[in-house]
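My notes follow, in the order I looked things up.

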Amino acid sequence: MTDSDSTFDTEVYYDDDADRAQIDDKTVAVLGYGSQGHAHAQNLDDSGVDVIVGLHEASSSRSAAENDGLRVETPAKAAAEADIVSVLVPDTVQPDVWEDIREGVEEGDTLQFAHGFNIHYNQIVPPAGVDVTMIAPKSPGHLVRRNYEAGEGTPGLLAVYQDETGGAREEALAYAHAIGCTRAGVVETTFREETETDLFGEQAVLCGGVTSLVKQGYETLVDAGYSREMAYFECLNEMKLIVDLMYEGGMGEMWDSVSDTAEYGGLSRGDEIVDEHARENMEEVLEAVQDGTFAREWIAENQAGRPSYTQLREAEKNHDIEDVGENLRALFAWGADEEAEAESDEEKTEVRADD
Ligand SMILES: NC(=O)C1=CN([C@@H]2O[C@H](COP(=O)(O)OP(=O)(O)OC[C@H]3O[C@@H](n4cnc5c(N)ncnc54)[C@H](OP(=O)(O)O)[C@@H]3O)[C@@H](O)[C@H]2O)C=CC1
Ligand SMILES: CC[C@](O)(C(C)=O)C(=O)O
Ligand SMILES: [Mg+2]
Ligand SMILES: [Mg+2]
């Protein structure tokens, strides 16, 4: 068993590198039918792999999976029948689900994850004889499905924590092929590296950092007497347009596309905003991820019934910028499309919740 720090240097695996024979005659249990679960299950099924979705008897997702033409069993039954068990329930419930299914996970089977939290922080200790792998799409689950249906792929990470059969890596690559990740490219990493970089990224930059930057910018303009609408457009709405350019062609494409005034202003002022102090804070956030402080806090928060999480969510929902945004999105054409999409997603969720 190894979980070294090896960083990809970087070989990227594509469709031709995967041997689908490693999965085509196997049964995959997909536990959970949420963001990642519905995408993996449907993509595997469309790729011709035998799939059973594992959901508890009272699960609100059952009818959605059944309506999508998939066979649904309890997690324990699905896992017992499967050769590969893809654990796609929320990270916080995975240890309990593992207790439910462990009896049915036999020597030669594979436990497959999309994020390494529970293995890396020892919340699930897999038995000997079982392969433990990860295919982590670097994207929200709904895009994993949307890209697959469009004939495109989603980039992903592959990691092997335990290779008892000698075939763990090849099987994981075949799984990545079947969910569409090798269409875009898959790179190899470790459970440790994926877990720590994923948690750092979502806290410091992607989810935490960006929303705080947007809110601070918005509040600075509104407190200085500018209109809420102008502050919203400038600090939130235009963020997508700028990020789209960086996504397509890196920071260079974005700098090329904005005015010279914006480029000079941004290059000369950006580091004053996200400065050395922000960097020190980032290092602290990373340290708390690395030494397990964040993981212990998150586990305890769940055990206590999520008091802080609930409060933080409520405060975010009630921020003035959300109110302005809702009104503006309803008024503009781009908002109409997105609202329709959101409503259709909401309807799907409601259908799931109703059943
Ligand atoms: N969200 C994302 O895009 C990404 C997620 N990941 C990783 O993928 C994994 C899954 O995350 P995500 O897709 O967000 O999860 P979701 O929160 O979307 O999963 C919800 C699903 O899990 C089911 N579920 C909840 N509790 C249980 C339980 N006790 N037993 C059985 N099923 C249960 C829910 O059923 P019900 O509706 O009945 O509650 C629902 O079907 C995690 O490891 C996450 O870190 C990795 C990359 C991106
Ligand atoms: C950025 C958030 C994420 O890590 C993801 C979609 O990759 C997650 O945990 O949802
Ligand atoms: Mg992520
Ligand atoms: Mg994550």
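**Ligand shells**

I started with ligand 2, whose shell splits by class into three nonpolar, two charged and no polar residues. The residues I found around ligand 2 are Pro140, Asp198, Glu202, Leu206 and Cys207. A reminder to myself: this is a predicted model.

Next I went to ligand 1. Which residues come nearest to ligand 1? I got Gly32, Gly34, Ser59, Ser61 and His115, out of 26 residues around ligand 1. I then checked which elements give two or more residues to this shell, and noted helix 2 (35–46), helix 5 (94–101) and strand 7 (131–137). Helix 2 has the largest share, with three residues. Sorted by class, the shell around ligand 1 holds 13 nonpolar, eleven polar and two charged residues.

**Domains**

I looked up the division of the chain and found domain 1 (12–189) and domain 2 (200–354). Their C-alpha centres are 29 Å apart.

**Helix 2 and helix 7**

The axes of helix 2 and helix 7 (residues 141–149) cross at roughly 25 degrees and come within 7 Å. I therefore logged helix 2 and helix 7 as roughly parallel to each other. On the helix 2 side, I listed Ser35, Gln36, His38, Ala39, Gln42 and Asn43 in the contact. Helix 7 brings Gly141, His142, Val144, Arg145 and Tyr148. By class, this contact has seven polar, three nonpolar and one charged residues.

**Helix 10 and helix 11**

What angle do helix 10 and helix 11 pack at? I read about 5 degrees for helix 10 (residues 191–206) and helix 11 (residues 208–223), with the axes 3 Å apart. That angle makes helix 10 roughly parallel to helix 11. I noted Glu202, Gln203, Ala204, Val205 and Leu206 of helix 10 in the contact, facing Gly208, Gly209 and Val210 of helix 11. The classes here are four nonpolar, three polar and one charged.

I traced an open sheet of nine strands with mixed pairing, in the order 1-9-8-7-6-5-2-3-4. Strand 1 (12–13) and strand 4 (71–73) are at the edges with a single partner strand each, so one side of each has no neighbour in the sheet.

I then went through some of the pairs.

- Strand 1 and strand 9 run antiparallel and are joined by two bridges. I found Tyr13 with Val186 as its bridge partner in strand 9.
- Strand 8 pairs with strand 9 in the parallel sense, over four bridges. Here Ala159 stands opposite Thr189 of strand 9.
- Strand 5 (residues 84–87) pairs with strand 6 (residues 110–113), in the parallel sense and over four bridges. I noted Ser86 opposite Gln112 in strand 6.

That puts strand 9 in both an antiparallel pair, with strand 1, and a parallel pair, with strand 8.

Terms used:
Residues are numbered from 1 along each chain as its sequence is written. Chains are lettered from A and ligands numbered from 1 in the order in which they are written. This is a predicted model: local features need pLDDT of at least 70, side-chain atom pairs count only at pLDDT 80 or more; totals for chains, interfaces and linings use all residues. A residue is near a molecule or strand if its C-beta atom, placed from the backbone, lies within 6 Å of it. Ala, Val, Leu, Ile, Met, Phe, Trp, Tyr, Cys and Pro count as nonpolar, Asp, Glu, Lys and Arg as charged, and the others, Gly among them, as polar. Domain bounds come from an automatic or database domain assignment. Axes are lines fitted to C-alpha atoms, for helices over the stretch in contact, and angles run from 0 to 180 degrees between N-to-C directions. Angles under 35 degrees count as roughly parallel, over 145 as roughly antiparallel, 65 to 115 as roughly perpendicular and the rest as oblique. Two residues are in contact if their C-beta atoms, placed from the backbone, lie within 7 Å. Two strands pair if DSSP finds at least two bridges between them.
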